[in-house]
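Have the sequence and the 3D view open as you read.

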Amino acid sequence: MLNKWTILLLGCLIGNNIMAQGSHFVIIDAPSSVAGSYKSWIANFGATYCSTETPIKGELTFVSGPSGSTLGCQVDNNLTGKIAVIDRGTCPFSDKALNAQLKGAIAVIIFNNAAGEIFPMASSASGADVKIPVLNMTLADGNKLRTLITAGGLNITIKRFDSPTKSAPGVVWGGNPGEGDFRCGLNKWTVRTTSCSGGVVPNVNWKWSPNGAMNGSCGGVTYFPSPSSFDGAMVFESDFYDSNSSNTGCGTNAGQGPCPAPQIAELISPEIILNNSTAPAYSVEFHQYTRQFRSNYFVVWSTNKGVTWDSVAINTDVTTNASNEKTLLRVPMPKTGGAKSLIVKFKYEANYYYWGIDDVRIVEQEAYNLAVNSFFAVPQNAATPKDFVEPVNFLADVENKGAATQFKIPLEVTILDNGFKEVFKARNIYDTL
């Protein structure tokens, strides 16, 4: 057995499929057959999550166009004081919403026309003129309500979803609204750009995006699908800043923008007080959304109010020019046990395309957590003549994800034949991990 091992103290990355629960509830009190709360998601145009703090009450009314069309591409009926209901299809979402707004609607709900989850609807050119809330609901939920809406008299309340105020077990900071979720603003976080192609340019930085929208990616807009992107997220738009704020395509105006790449920018937390925790160490957990070209990513932290800093590189496995990464990361911060406070920074040595951060939490790192990671070595050849057979060396990637140093660690390899009979076993003991 090859006596080789790899200690990865710093880089626990947890993949996660993000499924937002929705930004708003559509609440129906009666009739009992449809009473309850229905999920909805506010659009990326019109009124924002942050401007809909007051619940919206009204009667659901289908729009009516030529031949009674409910698509909203043309709206003929009076919707004054009503919550307009529109079916998806044919014309852009924002066109539908603007048509309803011009007829007096106070809000719009668009029913999907195919099975699937709710989603943040994108805008067309007309979106800039939409001022009312625009939400969508699933096909299944829409079908439950359709007959009652047509019959008239179905009143609802639209109420935005507010994050729970009670933190999950092990979360020492970030579980409360307004801490690490960038809800409706930076909330005492600060930003700093230290370099634009070697120089410093003011007013180019990490920015708060009210709905998770990010410019860039070689000529387009993408949306951060974090669980709470609807109330705001932080984004750095590297190629957008490089190319003179142009979204017209890769290479267009490259290097002519207000902050040519490579850029160095930091997103810095407020001081996080840890007096009530006795954890052996801490990890920072966050949702990210990024596309990689030639950038470097770091998590940086200080336990002495910013006098000194420690850091770890992350995202070293993100494939260049691959599809967008939608992940929940948890990054251990060694030697933070006993700290009275923490300051955390996300440092981006950006060279195209973008990086989004949302829902940051500080969590207690467990003391004991050893793992053999999903890595393996294969034989040198698919088939080898018997006279040339050489010993096979086994290589394992071993990680201490816990905060406490581990001693006398056994690592075993076992080989079974086709009948699950053990034919080989070897064991190594490693002194310190």
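The predictor's confidence in each residue is its pLDDT, on a scale from 0 to 100. This is a predicted model, in which local features need pLDDT of at least 70 and side-chain atom pairs count only at pLDDT 80 or more, while totals for chains, interfaces and linings use all residues. Residues are numbered from 1 along each chain as its sequence is written, and side-chain values use heavy atoms, with hydrogens and water left out.

**Confidence.** The protein chain has an average pLDDT of 87, and 91% of the residues score at least 70. Residues 1-19 have a pLDDT below 50; this stretch still makes 64 contacts in the model beyond near neighbours in sequence (contact means heavy atoms within 4.5 Å). Among the elements, the lowest mean pLDDT, 78, belongs to strand E12 (residues 220-223), and the highest, 98, to strand E17 (residues 296-302). Strands here are DSSP runs of at least two residues, numbered from the N terminus.

Which residues of strand E3 (residues 56-62) are hidden, and how many? Of its 7 residues, 5 are buried, so E3 is largely enclosed by the rest of the structure. Buried means under 20% relative accessible area, exposed means over 50%, and partly exposed lies in between (1.4 Å probe, protein chains only). Two strands pair if DSSP finds at least two bridges between them. E3 pairs with strand E7 (residues 155-160) in the antiparallel sense over 4 bridges, and Ile56 stands opposite Ile158 in E7. E3 and strand E4 (residues 83-87) run parallel, joined by 3 bridges, with Phe62 opposite Val85 in E4.

Phe182 has a positive phi near 55°, in a residue other than glycine. Phe182 sits in the loop between strand E8 (171-173) and strand E9 (190-196), and its relative accessible area of 0% makes it buried. Lys305 also has a positive phi, near 65°. Lys305 is in the loop between E17 and strand E18 (310-314) and, at 60% relative accessibility, counts as exposed.
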